[in-house]
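Dear colleague,

Please find below the structure that I am handing over to you. I would ask you to look through it first and then to read the notes that follow.

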Amino acid sequence: MRSLDDLLAEGVSGRRVLLRADLNVPLDKSTREITDDGRIRASLPTVQALREAGARVLVAAHLGRPKGAPDPQFSLAPVAARLGELLGAPVPLAADVARDDASARAAALGDGDVLLLENVRFEAAETSKDDAERGELADRFAALADVYVDDAFGAVHRKHASVFDVAERLPHYAGRLVARELDVLRRLTTEPERPYVVVLGGSKVSDKLAVIEALLPKVDRLLVGGGMCFTFLSAQGHGVGKSLLEADQVDTCRRLLAEAGDRIVLPVDVVCAPEFAADAPTATVAVDRIPDDQMGLDVGPRTVELFGTELGDARTVFWNGPMGVFELAPFQEGTRGVAAAVAAVDGLSVVGGGDSAAAVRQLGLDEGAYGHISTGGGASLEYLEGRELPGLAVLAD
């Protein structure tokens, strides 16, 4: 797989580079202001390296899930403004993805200029299952540029036109973020330094089942929190009240617990409330004392202490998924405490993107305390599951 450094060594001054970036940032629904610019900041090293080398940079990215047509609420305009602020240079936004305006603006770029194309998912062909439809859009992408760089690790598990098909049509390279993600994930999957501890949270067991199955033979301990822990607790015979429960996964969790023995570590106490609300009355109870009319919304302080002990001697840690509903103040402390324990690890600590990365930033934790904060989310999990990721496979070709 050729890297950005290989491309820079070849020389890119005056060449048009199509850069696929992951700029899928959260927006405030009412103001459309960016609430977390972490993914934009993560893209800067590759963008800046190309600019400084004199490339003419066309950035392609998606935002949200528009239905294959232009939709103002999913426009990349706020992203263009923020990217320009961070670069200290204007970043105009094309009025379309890869049509007349994008083509005219691409042709007018000067060395070191950056142009952001409009949301690639405004084109239905971007996510089409039909190879010919994606291919037609990829042809238009390829006509805009001389070279393709993929730095959107969060999208490499998608066989999309701007991720897969265009790389078949242009000389292609991996950006610095993709290279860094791959390096870290290989360290997690190829002889990780031990003890190797994985912390999983989030809502549903079903979302993480494949990665649990893949990781269990490799890890020394698997700590389970978040909404998914209640299906495991149910498998142990505990009542979980009104907590999130996937009844169809209880037997699977029971099997996993039997296979793993004491390597799966579950919460010993939880913070409960009668409803999902910031002002709801809360109570901390042992996991075998959850009231029938309450729901667990965070792990409790004894669990934070337990998980901290389990992480204490770890040399490699992968954390994916919050321990509770960290968006609401009464249910933040479990995630905060476990995040602090992960940060304190003497070794490689990896925050697995998505809600975990958002929690680190929202809770005001020091991002520099972690070995790596992934932007991958689902792509990282699929890599750890051992699945082939189309966007990586095409870059390796």
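The expected span of a helix is 1.5 Å times one less than its number of residues. Please keep in mind that this is a predicted model.

Let us begin with helix H5, which covers residues 131-144. Its 14 residues should span 20 Å at 1.5 Å a residue, and because the end C-alpha atoms are 20 Å apart, the model agrees with that expectation. At the N-terminal end, H5 is capped by Asp130, with a side-chain oxygen 2.9 Å from the backbone nitrogen of Ala132. The buried residues of H5 are Arg134, Gly135, Leu137, Ala138, Arg140, Phe141, Ala142 and Leu144. Their cover includes strands E1 (16-20) and E2 (56-60), together with helices H4 (100-108) and H6 (161-165).

Asp298 is buried yet has no salt bridge; Arg336, the nearest side chain of opposite charge, is 8.7 Å away. What, then, lies 2.9 Å from a polar atom of the side chain of Asp298? It is the backbone nitrogen of Gly334, while the backbone nitrogen of Glu333 lies 3.5 Å from a polar atom of that side chain. Asp298 also touches other residues, including Val270, Val271, Met323 and Phe331.

Finally, there is an open sheet of 6 strands with parallel pairing, in the order E8-E7-E6-E12-E13-E14. Strands E8 (264-265) and E14 (372-373) form its edges, each pairing on one side only. Within the sheet, E12 (residues 316-320) and E13 (residues 348-351) pair in the parallel sense over 4 bridges, and Phe318 stands opposite Val350 in E13.

Yours sincerely

Technical notes:
Residues numbered from 1 in each chain as written. Predicted model: local features only at pLDDT ≥ 70, side-chain atom pairs only at ≥ 80, totals over all residues. Heavy atoms only, no water. Helix = DSSP H or I, 4+ residues; strand = E, 2+ residues; numbered from the N terminus. Buried < 20%, exposed > 50% of the residue type's maximum accessible area, 1.4 Å probe, protein only. Contact = heavy atoms within 4.5 Å. Polar contact = N/O pair within 3.5 Å; in protein donor to acceptor, adjacent residues only side chain to side chain. Lys, Arg positive; Asp, Glu negative; His and termini not counted. Salt bridge = Lys/Arg side-chain N within 4 Å of Asp/Glu carboxyl O. Pairing = 2+ DSSP bridges. Lists of a residue's contacts leave out its neighbours within four places in sequence.
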